[in-house]
Amino acid sequence: MIPVNRPLLEGNEKKYLNECIDSGWISSEGPFVKRLEAEFAAFVGRKHGIAVCNGSCALDIAVAALKIGPDDEVILPSFTIISCAAAIVRAGATPVLVDCDPVTWNMDVRQVAARITAKTKAIMVVHIFGLPVDMDPIFALARERGLQIIEDAAEQQGQQYKERKVGSLGDISTVSFYPNKHVTTGEGGMVLTDDPDLAERCRAARNLFFDKERRYIHAELGWNFRMSNLQAAVGVAQLEVIARTIEKKRQIGRWYRERLDSQPLLRLPEAKTDYAKNIYWVFGVVLADEAPLDAAAAIAALRRKGVDARHFFWPMHKQPALRDLGLFAGESYPQSERLADRGFYLPSGVGSTKDEIDRSATALKDVLRGDL
Ligand SMILES: *Cc1c(COP(=O)(O)O)cnc(C)c1O
């Protein structure tokens with residue numbers, strides 16, 4: 001089976017891990033954690049990085065740092081990962097949804113203004129797959145209405161919105177270092193900000209809100225979301241080669257486009273918009289309305305041909321765990337629903353070979369011809 005993702009660990013990962021073991025520094029107190037924080041923050045152009053144990057808890061920390069709680073509303077896209085809505089709900093706040101743009105698959109920024117109320121505290125933007133959110137309208141709304149921006153940049157490390165790196169566009173931003181992200185630590189993540197007070201709050205929240213004067217006294221409840229030195233060692237090595245990783249991702253995008261461009265039953269992601277070039281974190285495709293099969297049938301057929309493809313996200317307004325809380329009753333977001341029914345992504349890890357892309361594209365063309 002051609003895997004949907006294969007990471008590449010061919011740089012200094014082993015060397016740095018050996019340094020951890022030789023020195024005995026394996027906990028979060030070790031030197032690679034601070035080094036990864038400093039180097040990743042510098043990479044995206046931020047003053048502070050706070051390493052955590054995954055990208056989901058980075059969102060919990062971001063929400064806690066902004067003191068978002070009961071009575072607050074946060075606007076986010078329906079088409080995203082559950083971690084975004086979960087962080088808001090766990091803080092006691094209310095997630096408020098917008099649909100996605102049919103071209104970029106990101107939050108439709110034209111729908112945000114209508115969802116703002118007196119309770120709105122923040123907009124959570126999520127850069128989905130390969131193209132970033134169109135940020136200028138979000139910046140304008142945030143400024144006019146006094147809202148905070150939480151930016152989930154998990155999928156697009158190294159991407160730029162106009163001249164600025166993603167990860168530097170929110171009051172507070174987050175990334176994940178899961179093995180399918182551009183930098184991996186196995187499991188891991190980071191919170192990024194320029195604000196020293198927010199950074200301090202993030203550090204405290206990640207470390208159980210220990211009182212600085214008297215350890216074991218806690219004015220607030222936090223978490224142990226610390227990253228270990230072992231994870232950070234891998235991350236430092238990964239960050240050294242991120243330029244190559246991104247070039248390979250874009251190469252994979254071009255390989256797929258050349259092979260699938262002329263398929264009438266398939267909608268490919270745009271190669272660029274007027275503000276960004278696609279970074280192809282994953283190569284996603286959407287079946288046209290005329291296609292006689294849905295994503296589930298296409299994925300099953302591809303698996304029978306030895307190609308592992310994956311579903312797109314399932315919209316937040318259709319999540320049982322959220323609906324059971326009484327959220328989103330009667331709401332519908334047709335673009336998100338269409339992507340969930342008809343979208344899937346193909347093998348596109350940084351370790352994918354040209355031959356694997358060839359075979360994956362050929363298998364998909366066979367499926368589209370009715371060879372299931
Ligand atoms: C991967 C991802 C996360 C969560 O990261 P984990 O490290 O797996 O918890 C959050 N948001 C987005 C958009 C992601 O793609």
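Reader: Which residue just after H4 takes a positive phi, and of about how many degrees?
Author: H4 spans residues 82-90; helices (H or I, at least four residues) and strands (E, at least two) are DSSP runs, numbered from the N terminus. This is a predicted model, in which local features need pLDDT of at least 70 and side-chain atom pairs count only at pLDDT 80 or more, while totals for chains, interfaces and linings use all residues. Residues are numbered from 1 along each chain as its sequence is written, and side-chain values use heavy atoms, with hydrogens and water left out. The residue just after H4 with a positive phi is Gly92, at about 85 degrees.

Reader: Why is Ser83 counted as buried, and with which residue does its side chain make a polar contact?
Author: Ser83 counts as buried because its relative accessible area is 10%. Not counting residues up to four places away in sequence, Ser83 touches Ser56 and Leu59. A polar contact is a pair of N or O atoms within 3.5 Å; within protein, one must be able to donate a hydrogen and the other to accept it, and residues adjacent in sequence count only if both atoms are side-chain atoms. At 2.8 Å, the side chain of Ser83 makes such a contact with the side chain of Ser56.

Reader: How far does a polar side-chain atom of Ser56 lie from an oxygen atom of the ligand?
Author: Ser56 is among the residues around the ligand, where a residue is near if one of its heavy atoms lies within 4 Å. A polar side-chain atom of Ser56 lies from an oxygen atom of the ligand at a distance of 2.6 Å.

Reader: What share of the area that the ligand exposes taken alone does the protein bury?
Author: A nitrogen atom of the ligand is 2.6 Å from an N or O atom in the side chain of Asp152. Taken alone, the ligand exposes 380 Å², with accessible areas from the Shrake-Rupley method and a 1.4 Å probe; for residues, only the protein chains shown count as cover. Of the ligand's 380 Å², the protein buries 90%.

Reader: Is Gly55 buried or exposed?
Author: Gly55 lies in helix H3 (residues 55-65), and a backbone N or O atom of Gly55 lies 2.7 Å from an oxygen atom of the ligand. Gly55 also touches Val175, Ser176, Gly188 and Gly189, not counting residues up to four places away in sequence. With a relative accessible area of 12%, Gly55 is buried.

Reader: With which side chain does the side chain of Glu37 make a polar contact?
Author: Glu37 is found in helix H2 (residues 31-44) and is buried, with a relative accessible area of 7%. The residues that Glu37 touches, not counting those up to four places away in sequence, include Met190, Arg203 and Arg206. The polar contact of the Glu37 side chain, at 2.8 Å, is with the side chain of Arg206.

Note on methods:
Buried means under 20% relative accessible area, exposed over 50%, partly exposed in between (1.4 Å probe, protein chains only). Contact means heavy atoms within 4.5 Å.
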